[in-house]
Amino acid sequence: MKKIWTQCTKELAQFKRDRLTVALAFLLPLVYLLIYGFAMRLEIKAIPLAIQDLDRSPLSRTYIERLFATNQFQAVPWDDSFSNPNAIATPDYAIDRGIAKAVMVIPPDFTRRIESGKTSTFQVLVDGTDVNNARVIENTIRATTDFFLQSVGLQPSNQLVAARVRLWFNPGRKESLYLVPGAYALILWVYPSLLAALAMTREKEQGTIIQAYAASISAAELLLGKGLAYVLIAIGQTLFIMLLGSLIFGLRLVGNPTPLFIATLIFLMSSVMFGLYFGVRSTTQAEATQKVLSIGYLTGLLLSGFIYPLSNIPFPLSLISHLVPVRYYIDVTRDAFLRGTGWSGVWFAPLALALLGVLFFIGSWRGLRKMQLPE
């Protein structure tokens, strides 16, 4: 333990003297937290919608107002005058030129057929280039039409069962409550591992690693000493970004916080060991950075459920996702800040993180042991 603590204090002293590394440890995570919290949006809004109202009646105008009251659409003016060079002459023109993502044509007998109890059919053209966008447009128009028919005293066609939906955990549909806990996992996976990898390769570039190879310290003691130092730094990063997340985005812990505390500590250990693994197998800091970002960041972003549901990951990438620690820690953070189910919902996450952390440590130890001079 004395050798491990000595190595740890040496790493902390070097970290404190390097201002660029300190900035990398705290300023860049802050930037990424703000980007993920404010810039990323999974719910599509302000979709350009052009409507050609051939009926021009109070009922058709009420229906149009209902559509734009959803806050999903942004009105694109329809101008039939030939004097306007930017006029939308046909629905096809608006879609083909990208002026609107959807075009609706309300027929001239819209009001008359509805008041007589007959079905009134109107045309909707949707730009299907973006599949998710097209699905949102279709569902919103269908739901708004059903609500409009009910408001005028008519029953939507073919609707024998009416659903009453209540949103749990996030009734206000605040995207930050979903994205920011996931951003915690991604940030705390990339930056502690990057710092650990840079620390290991820096000694190789400066030649000071030879002193460790020739000293009596073993490979396991060297890794544990460096790992302990960067786990302590990672704990500081965790407190920093989670405090900012609570102040900026209003995140609050719900339920039992114990799973979050325990899983966070294990996750940070795994992150540091992941960085040491690539630090041992790299000769320069640039090489270590490329490996950590290419493997750690991309898999954490795309194969963890941060943006896309895990069920959407195709085979065989779905098998690789089981080896991504971010996947398990995201479950913990979203449960801690959203659901609050506690151990019953995330008991497997600390076990999976601990197993992966041990594998990273064994891989680092085997690589470092081969590089040391024989006794």
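Buried means under 20% relative accessible area, exposed means over 50%, and partly exposed lies in between. These words are used in the legends below, which describe close-up views of a predicted model.

**Figure 1. Overview of the predicted chain.** The chain contains 15 helices and four strands. Of its 375 residues, 45% count as buried. The accessible surface of the chain comes to about 20000 Å², and 62% of this area belongs to carbon and sulfur atoms. Among contacts in the chain with a separation of 6 or more, 77% are made by residues 24 or more positions apart.

Figure 2. Strands of a sheet pair through backbone hydrogen bonds, in either a parallel or an antiparallel manner. In this model, four strands form an open sheet in the order 2-1-3-4, with mixed pairing. Strand 2 (73–76) and strand 4 (123–126) stand at the edges; each has a single partner strand, so one side of each is left without a neighbour in the sheet. On average, neighbouring strands of the sheet are turned by 25° against each other, direction ignored. Helix 3 (residues 58–68) packs on the sheet and touches strand 1 (47–53), strand 2 and strand 3. The direction of helix 3 makes about 175° with that of strand 1.

Figure 3. Strand 3 (residues 102–106) pairs with strand 4 in the antiparallel sense over four bridges. Within this pairing, valine 103 stands opposite leucine 125 in strand 4. The side chains of lysine 101 and aspartate 127 meet in a salt bridge, with a distance of 3.7 Å from N to O. Lysine 101 lies in the loop between helix 4 (91–96) and strand 3, and aspartate 127 in the loop between strand 4 and helix 6 (131–151), so the pair ties together parts that are 26 residues apart in sequence. Lysine 101 is partly exposed, at 30% relative accessible area, whereas aspartate 127 is buried, at 15%.

Figure 4. Arginine 56 has a positive phi of about 50°, although it is not a glycine. Arginine 56 is located in the loop between strand 1 and helix 3, and with a relative accessibility of 60% it counts as exposed. Asparagine 71, also not a glycine, has a positive phi of about 65°. Its place is in the loop between helix 3 and strand 2. Asparagine 71 is exposed, with a relative accessible area of 59%.

Figure 5. Threonine 111 belongs to helix 5 (residues 110–115). Is this residue buried or exposed? Its relative accessibility is 12%, so threonine 111 counts as buried. Neighbours within four places in sequence left aside, threonine 111 is in contact with Asp55, Ser57, Leu59 and Ser60. Aspartate 109 forms a salt bridge with arginine 112, the closest N and O atoms being 3.6 Å apart. Arginine 112 counts as exposed, at 54% relative accessibility.

**Figure 6. A nonpolar patch on the surface.** Trp5, Leu232, Ile235, Leu239, Leu265 and Met269 form this patch, with about 560 Å² of accessible area together. Helix 9 (219–249) and helix 10 (258–280) each supply at least two of its residues. Which helix gives the most to the nonpolar patch? Helix 9 does, with three residues. Leucine 265 is placed in helix 10 and is partly exposed, with a relative accessible area of 38%.

Figure 7. A search of the whole structure finds seven salt bridges. In one of them, the side chains of lysine 291 and glutamate 287 meet at 2.9 Å, N to O. Lysine 291 and glutamate 287 are four residues apart in helix 11, and are therefore separated by about one helical turn. Lysine 291 is partly exposed, with a relative accessible area of 24%, and glutamate 287 is partly exposed, also at 24%. Salt bridges that share partners join Lys10, Glu11 and Lys226 into one network. Lysine 10 lies in helix 1 (residues 2–17) and counts as partly exposed, at 31% relative accessibility. The C-alpha atoms of lysine 10 and alanine 229 are separated by 8.6 Å, although these residues are 219 residues apart along the chain.

Figure 8. The peptide bond from phenylalanine 315 to proline 316 is cis, with omega near 5°. Proline 316 is found in the loop between helix 11 (285–302) and helix 12 (317–320).

Terms used:
Residues numbered from 1 in each chain as written. Predicted model: local features only at pLDDT ≥ 70, side-chain atom pairs only at ≥ 80, totals over all residues. Heavy atoms only, no water. Pairing = 2+ DSSP bridges. Axes fitted to C-alpha atoms, helices over the stretch in contact; angles between N-to-C directions. Contact = heavy atoms within 4.5 Å. Patch = residues over 30% accessible without salt bridge, like charges linked within 9 Å, V, L, I, M, F, W, Y side chains within 5 Å. Areas by Shrake-Rupley, 256 points an atom, 1.4 Å probe, with all protein chains shown as cover. Salt bridge = Lys/Arg side-chain N within 4 Å of Asp/Glu carboxyl O. Buried < 20%, exposed > 50% of the residue type's maximum accessible area, 1.4 Å probe, protein only.
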